[in-house]
Amino acid sequence: MASYDYDYDDAQVGYDESSATNRSSSAAGQDLRYDPNFVPDSVKSFVVHLYRYIREKNVYEIHQMYESSFQTLSERLFKDTPWPSVDAVAHYVDNDHVFCLLYREMWFRHLYARLSPTLKQRIDSWDNYCSLFQVVLHGVVNMQLPNQWLWDMVDEFVYQFQSFCQYRAKMKNKTEQEIALLRQYDQAWNVYGVLNFLEALVEKSMIIQILEHEKEGLEQFTATDGYDYKGGSNVLKVLGYFSMVGLLRVHCLLGDYSTGLKRLLPIDISQQGVYTIVIGSHITTIYHYGFANLMLRRYVDAIREFNKILLYIYKTKQYHQKSPQYEQILKKNEQMYALLAICLSLCPQVKLVEETVNSQLREKYGEKMIRMQRYDDEAFAIYDELFSYACPKFITPTAPNFDEPLVNYNQDAYRLQLKLFLYEVKQQQLLSGVRTFLKVYSTISLGKLANYMEVDESTLRTILMTYKHKTHAVDSDGKVISNADVDFYIDDDIIVVVESKPTKQYGDYFLRQIVKLEGVINDMDRIKLE
C-alpha cells in the first residue's frame, strides 16, 4: 500500500464537472460504466468485517484484511475504477464517522495508485486527511491499527502533497476551471498546513518524551512495536513516530536538509526500532537520511547507512516478492546504489562497505565509478546522470502567480538542487590531484609537491586548506567530523600524511568460506557412487 515516491508525470487531467457535486466521482477518462453507489457482496463483507475487527481491536485480523483482502479485491474488481463511494458503504458500518474517514483514506490511496485524480479529488483527499488527523489529535481514538496502515497514512499524506505541488506547477495547459478551483481552494495542500499536521502529531503524541523515557527503561514503545497491550490505542503514538520520518521527507523535498535531520534525531537509526518493522518506513527513512547527509557533505554517515540498508534489502528482498511494495523496494534499492556510488566517488571510503554490497556496486556502477575518478567533463556528466536518477522529486511549495503568463515550473526546484550539487562536485574536482599525491607519499615537502602540481607554494597552501575544508563536515551535534580516508598535517614545510587503516573483517571471510564449503558438500552428496 505504501507509495514511497511514485513516478508521477501527472497526466494533465481536466476538471470533471461531476466531481464538484459527487465527492466520489470517477477519475477523468475512466470506465463510464462505473457506478459509485454499487457495492458488490464481497465489498459489503469486507467493510463489515473490517469495521468489526477495528471495534474489537483485533490487530492481526485488521492487518490481514488491510494487506491481503484489500489488495485482492482491488486487483479483482477495481483494477481501473475507484472503490464504491463512502456514502454507499456507510450504512453497513453504522455510519461510523471515524471508520468512514479511514475508508475514504484507503479510497483515495487506491485512486492515486491506479488512476489519475482530478483536481477536485486532490482537494477532497486533503479535506479527508484534515478531518482524520483532527479526530486523532483532538478526539478520543479508541483503536489499535497495524503499523503498516499507520505508516501508509503518513507516507501517502506526504506523497499526495508532493504530487499536488508537482501538478500545480504544470500551469501551461491548465483550464480556466482548474485555475478557478486553485484560486478558490488555495489552502489545500498548503506547505504550512502539511508541516503543521506532522508537527502536531509529533507533539500531541509526546513521542519524543516516550523515546527519551525508553532509553531510561521507563517505557516499552519499541519492545511492543508501538502497540498498547493494556487495551489503549496505538494510533496517535505511532502516527507521531512516523510523522518524524514524514517531516524528514518533506524537508528533503524542500531542500532543507539540516532541519529534516533534526526532526529525525529522536529516532536512533543506529538501532532497530519501530521504523524498521515496516519495510517501506525503513527504506524511506534511510534513503532520505542518506540523501540529506550527502547534500550536507557528511559522506561517511551516508555511506554507513546506505551500506546497512542495501545489505538488509539484499538478504530479505525475496520475502517481499508478493508484496504490493516490491517494485518500489527494487526501485529505491537501485537509487540508493547510485547515491552510494556518488558518495564513494566524492569520498573514497570503501572500507565502510560490506563485501556483498561492494560486489553489487561494482557490478552496477564499477565502470562509471572509475570514470568519475577522472574528474573531466565525462565524469561531471555521470555525476549529473546519477544524481538526476536517484534524487527525490523536489517541489516548489508556493502557488504560482495566476495573473502572469502560465508556464510549467515543476522542474525548477530539481534544477536548483542539481546546480548546487554539481557546484560542489566541481569544487571537489579541483582537489583531485592533491589526493592522488597524498596517497603516494608518507612525507613530502611543500616545495616538491608544489613543483609536481605545477603551482606556487602560496597556491598549494590554499589548495591544502580547501582540501581540509572539503573533507570535513559539521555533524548534527555541531561537531566537526572528518570524511577523509587520507589526512595530513604540515610540520616545518613538510607534509606528513596520515592514512586511516581499515579494520579487517574476519567474520565475513569465514562466513563466505563456510557457504562455499556447504555448496561443495551438497554437490558431492548429489553424486551417486557406483
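## I179 and its surroundings

I179 touches M171, K174, F402 and L406, where residues up to four places away in sequence are left out and contact means heavy atoms within 4.5 Å. The residue sits in helix α8 (residues 176-184), helices being DSSP runs of H or I with at least four residues and strands runs of E with at least two, numbered from the N terminus. With 13% relative accessibility, I179 counts as buried, a word used for under 20% relative accessible area, with exposed over 50% and partly exposed in between (1.4 Å probe, protein chains only). Between I179 and L119 there are 9.9 Å in space, C-alpha to C-alpha, although they are 60 residues apart in sequence.

## Basis of the model

This is a predicted model, in which local features need pLDDT of at least 70 and side-chain atom pairs count only at pLDDT 80 or more, while totals for chains, interfaces and linings use all residues. Residues are numbered from 1 along each chain as its sequence is written, and side-chain values use heavy atoms, with hydrogens and water left out.

## Aromatic rings

There are 28 aromatic pairs, counted where ring centres of Phe, Tyr and Trp (its six-membered ring) lie within 6.5 Å, with planes under 30 degrees apart called stacked, over 60 edge-to-face and the rest tilted. One of them, formed by Y441 and Y452, is stacked, at 6.2 Å centre to centre and with 20 degrees between the planes. This pair links distant parts of the chain, eleven residues apart, since Y441 lies in the loop between α19 (432-440) and β1 (443-445) and Y452 in helix α20 (residues 446-453).

Y441 is partly exposed, with a relative accessible area of 23%, and Y452 is partly exposed as well, with 37%. Elsewhere, W126, Y129, F133, F157, W189 and F197 form one aromatic cluster.
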